[in-house]
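Keep the viewer open as you go.

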Amino acid sequence: RIQIDLRWVKRLQSVVSLIQLIGALLAGFLTLTALLVIGNTIRLELLRRRSEMEVANLLGATNGFMNRPILYTGGLYGFIGGLVACVVAVLAFSAIQDPAHELSALYESSFQLLMPKFSQILSVLGVSTLLGIVGAISSLYRPSQQLTHGISNK
């Protein structure tokens with residue numbers, strides 16, 4: 001009987017490790033998706049502001065001056081996305097905390113599902129803001145962008 005119980009524990013551990021791997025893969029795919037979505041949104045913003053940027057360029061504005069609001073917008077999009085992700089994660093953790101405790105009690109384990117710490121939430125917000133800025137940079141400085149943005153090299 002003890003041998004059968006150990007098999008169930010090993011099966012449970014393998015299921016948990018599989019779920020962790022799937023979670024890591026999903027996190028990677030969601031990060032790539034965030035970069036692509038923010039980059040595409042910034043490209044659309046650049047196309048919308050093309051005439052404004054041409055006029056600013058004719059008046060002597062440098063590329064750095066014209067790019068700064070785009071970088072700020074990318075950072076803001078990333079921050080807002082990270083904030084929404086943190087709120088959803090906290091709500092999800094609070095929803096599954098009781099069922100996880102019941103499952104832990106069934107296996108006579110001391111496992112407790114902990115809410116994300118404030119430092120973890122801050123790191124998610126920082127990484128998401130950085131992803132937004134990277135997405136904006138990738139849309140600003142791609143080679144084909146010279147046609148729509150880099151009218152002169154100042």
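Start with Arg48, which makes a salt bridge with Glu45, their closest N and O atoms sitting 2.7 Å apart. (A salt bridge here is a side-chain nitrogen of Lys or Arg within 4 Å of a carboxyl oxygen of Asp or Glu.) This is a predicted model, and local features need pLDDT of at least 70, side-chain atom pairs count only at pLDDT 80 or more, while totals for chains, interfaces and linings use all residues. Residues are numbered from 1 along each chain as its sequence is written, and side-chain values use heavy atoms, with hydrogens and water left out.

Both Arg48 and Glu45 belong to helix H1 (residues 2-48), three residues apart, or about one turn of the helix. Helices are DSSP runs (H or I, at least four residues), strands are E runs of at least two, and both are numbered from the N terminus. How do the two partners compare for burial, buried or exposed? Arg48 counts as exposed because its relative accessibility is 59%, whereas Glu45, with a relative accessible area of 18%, is buried. The cut-offs: buried means under 20% relative accessible area, exposed means over 50%, and partly exposed is in between (1.4 Å probe, protein chains only).

The structure holds three salt bridges, and here they are side by side.

| Pair | N to O distance | Relative accessibility |
|---|---|---|
| Arg48 and Glu45 | 2.7 Å | Arg48 59%, Glu45 18% |
| Arg49 and Glu52 | 3.0 Å | Arg49 14%, Glu52 43% |
| Glu54 and Arg50 | 3.2 Å | Glu54 30%, Arg50 35% |

In the second pair, Arg49 is buried and Glu52 is partly exposed. In the third, Glu54 counts as partly exposed, and Arg50 does too. Glu54 and Arg50 sit in helix H2 (residues 50-58), four residues apart, about one turn of the helix.

Now zoom out. What is the secondary structure of the protein chain? It comes to four helices and zero strands, giving the pattern α-α-α-α along the sequence. Of the 154 residues, 21% are buried. Take the contacts (heavy atoms within 4.5 Å) between residues at least 6 apart in sequence: 79% of them join residues at least 24 apart.

On the inside, the largest nonpolar core has nine residues: Ile38, Ile42, Leu46, Met53, Ala61, Met66, Ile70, Ala136 and Leu140.

Over in helix H4 you'll find Ser128, which counts as buried at 11% relative accessibility. Setting aside neighbours within four places in sequence, Ser128 is in contact with Gly78, Phe79 and Gly82.

Ile80, in helix H3 (residues 63-106), is partly exposed at 43%.

Key
A nonpolar core is a set of buried Ala, Val, Leu, Ile, Met, Phe, Trp, Tyr and Cys residues joined through side-chain atoms within 4.5 Å.
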